[in-house]
Amino acid sequence: MSLSLLFPAAFPALALAHFVALLSPGQDFFLIIAHSIRHKLAGSRFICLGVALGNAIYIALVILGWANIRDNHVAFTVVETLGAVYLLWVGQKLLRSKKADALLETAHANPPSAINQLLLGLNSALLNPKNALFYMSLMTVILGNEVTLIQQITCGVWMFLAVLLWDLLIATVIGRPQIQRHLKAGIHIIEKGAGIVLIFFGITLFTGYVG
């Protein structure tokens, strides 16, 4: 099977643009950072999976025809509002973070269950409609109208894996013992900072200041 059947000619440009976007911290990034600092990879790996799955759902919607949903003002507003409320809720929880007395306490703290992690990541990604707008713009502008369904699916799988592996890399690095020792004294400060950032994202969804 020829690679051209699976990958469109513009695939390198798509992959590069997508990866550059991953380097820009967003609400998912700060959510993963906050949990990997406190619970290492064990308490954040399924958040990474949830975020990647949320992105995959929006990619699928783009392939199936997100434009119809985007043009529905009521549906789009509902998703934005739910996303804002969710970010404010997560942010205020992080703001209440308390200082750990010792690294051992942090290491032995019970991490969220796999299902709770998955839902955290999935909700964070799904309740941010700007993810859908990003993928729609990316795939429409770069791939054009002549891209085939198989090529769209291939690009979608690539972007899903890129999000998943990048987020897992971040969580793994933050969870390393050497990094944890350096961050021990400031874990609660970093969590509070992440909470402030998430609250900011939530407020901007309400005000329309960003995007």
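This note goes through the predicted model point by point, from the overall fold to single residues.

1. **Overall make-up.** The protein has 12 helices and zero strands. Read from the N terminus, the elements run α-α-α-α-α-α-α-α-α-α-α-α. Of its 211 residues, 41% count as buried.

2. **Contact range.** Take the contacts between residues at least 6 apart in sequence. Of these, 90% join residues at least 24 apart.

3. **How H4 meets H8.** Helix H4 covers residues 45-64, and helix H8 covers residues 114-126. The two pack at an angle of about 35°. Their axes lie 7 Å apart. The crossing of H4 past H8 is right-handed.

4. **Who makes that contact.** H4 contributes Arg45, Phe46, Ile47, Leu49, Gly50, Val51, Leu53, Gly54, Asn55, Ile57 and Tyr58. From H8 come Ala114, Gln117, Leu118, Leu120, Gly121, Leu122, Ala125 and Leu126. Sorted by class, the contact holds 13 nonpolar, five polar and one charged residues.

5. **Length of H8.** H8 has 13 residues.

6. **Buried face of H8.** Which residues of H8 are buried? They are Gln117, Leu120, Gly121, Ser124 and Ala125. Viewed down the axis of H8, these buried residues fall within an arc of 120°, so they line one face of the helix. Gln117, Leu120, Gly121 and Ala125 are also listed in the contact with H4.

7. **Gln151.** This residue sits in helix H10. Is Gln151 buried or exposed? Its relative accessibility is 10%. The cut-off for buried is under 20%, so Gln151 counts as buried. Setting aside neighbours within four places in sequence, Gln151 is in contact with Ser4, Leu5, Leu6, Phe7 and Pro8.

8. **Leu169.** Helix H10, residues 149-175, also holds Leu169. The relative accessible area of Leu169 is 46%. Buried needs under 20% and exposed needs over 50%, so Leu169 is partly exposed.

9. **Leu169 and Arg45.** These two residues are 124 apart along the chain. Their C-alpha atoms are separated by 9.7 Å. Arg45 is also one of the H4 residues in the contact with H8.

Conventions:
Residues are numbered from 1 along each chain as its sequence is written. This is a predicted model: local features need pLDDT of at least 70, side-chain atom pairs count only at pLDDT 80 or more; totals for chains, interfaces and linings use all residues. Side-chain values use heavy atoms; hydrogens and water are left out. Axes are lines fitted to C-alpha atoms, for helices over the stretch in contact, and angles run from 0 to 180 degrees between N-to-C directions. Helices (H or I, at least four residues) and strands (E, at least two) are DSSP runs, numbered from the N terminus. A crossing is left-handed if the near helix is turned anticlockwise from the far one by less than a right angle, and right-handed if clockwise. Contact means heavy atoms within 4.5 Å. Ala, Val, Leu, Ile, Met, Phe, Trp, Tyr, Cys and Pro count as nonpolar, Asp, Glu, Lys and Arg as charged, and the others, Gly among them, as polar. Buried means under 20% relative accessible area, exposed over 50%, partly exposed in between (1.4 Å probe, protein chains only). The expected span of a helix is 1.5 Å times one less than its number of residues. The arc is that of the directions from the helix axis to the C-beta atoms.
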